[in-house]
Amino acid sequence: MRHTRLLNIVNRRKRVAVTELAQELEVSEVTIRKDLNLLEQKGLLRREHGFAAMIASDDIGNHLSFNYDWKRRIAHRAAETIHNGETVMIESGGCCALLAEELAGNRRDITIITNSAFIAGYIRKQPNAHVILLGGEYQNESQVMVGPMIQTCIRNFYVNKFFIGIDGWNQAGFMSNDLMRAEAARTMAEHAQQNIILTESAKFQQTGVVPLLPLERIASVYTDDQADRSSLNRMNSHGIHIYPVSSEH
């Protein structure tokens, strides 16, 4: 909880002195420095001499740190459906990265197939996860693998669950802001029995740029309980199961 509060302060104010963080969070500066070391290792902020700073806005770590508590709750709820020994596919995104972390830390013999180099690096120190990183063209900002090679790499896999992040949605389906990422996700979705969306409800107020997957291809959505009723009704009408997490959970 302290890490969540710390991230919220840094994201709101962009750059904050260690002394100010210690005062606001009512802990010692030594404790704050330890917190900052851990959060920097996870790529959630940047340390400067005597300060904590928000990382560049186009970095996936920035997206992960924004609404971090919601993302963590959503990931935890989705992880409840996954059992020891299971193989899952996980696409890029903040909620997806935290899902991978939850599985790697609290499940045994989990295999994670992903096109996200960020996720592979994010959980690299966890001993319980086996990661298969799909090959392709490397996108530097999002740290994902995209392009035609994904089709070749995914050919021999088929899983029960594929977890996907989104950038928005419209009445036809879920959307992305990146054409090549959307193409990679669609390819991966063809090799899963259930396609599952993980997202904060704020994304339902955005449209995105390119189509990702139509509503008919989605089995369920894990989100927070702030989602607007009209969006949820539209999804329910297409047979999508909605799993909202509460801020009081």
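Trainee: What makes Y122 count as buried?

Mentor: In this predicted model, Y122 has a relative accessible area of 14%. Buried means under 20%, so Y122 is buried.

Trainee: And why is F118 called buried?

Mentor: The reasoning carries over: F118 has a relative accessible area of 9%, and the cut-off is under 20%, so F118 is buried.

Trainee: How far apart are F118 and Y122 in helix α7?

Mentor: They are four residues apart, which means a separation of about one helical turn.

Trainee: Why is the pair W169 and F204 called edge-to-face?

Mentor: Their ring centres are 6.2 Å apart, with the planes at 65 degrees. Pairing needs centres within 6.5 Å, and edge-to-face needs planes over 60 degrees apart, so W169 and F204 qualify on both counts.

Trainee: Where in the chain do those two residues sit?

Mentor: W169 is in strand β10, F204 in the loop between β12 and β13, 35 residues apart. W169 is buried at a relative accessible area of 5%, and F204 is buried at 5% too. Together with F174, they form one aromatic cluster.

Trainee: How do you know that R15 has its charge over a ring?

Mentor: The charged end of R15 sits over the ring of F51, 3.8 Å from its centre. The distance limit is within 6 Å, so 3.8 Å meets that part of the rule.

Trainee: What makes strand β5 mostly covered?

Mentor: Five of its five residues are buried. I110, I112 and T114 lie on one side, T111 and I113 on the other.

Technical notes: Residues numbered from 1 in each chain as written. Predicted model: local features only at pLDDT ≥ 70, side-chain atom pairs only at ≥ 80, totals over all residues. Heavy atoms only, no water. Buried < 20%, exposed > 50% of the residue type's maximum accessible area, 1.4 Å probe, protein only. Phe/Tyr/Trp six-rings, centres within 6.5 Å; stacked < 30°, edge-to-face > 60°. Lys NZ or Arg CZ within 6 Å of the ring centre and 35° of its normal.
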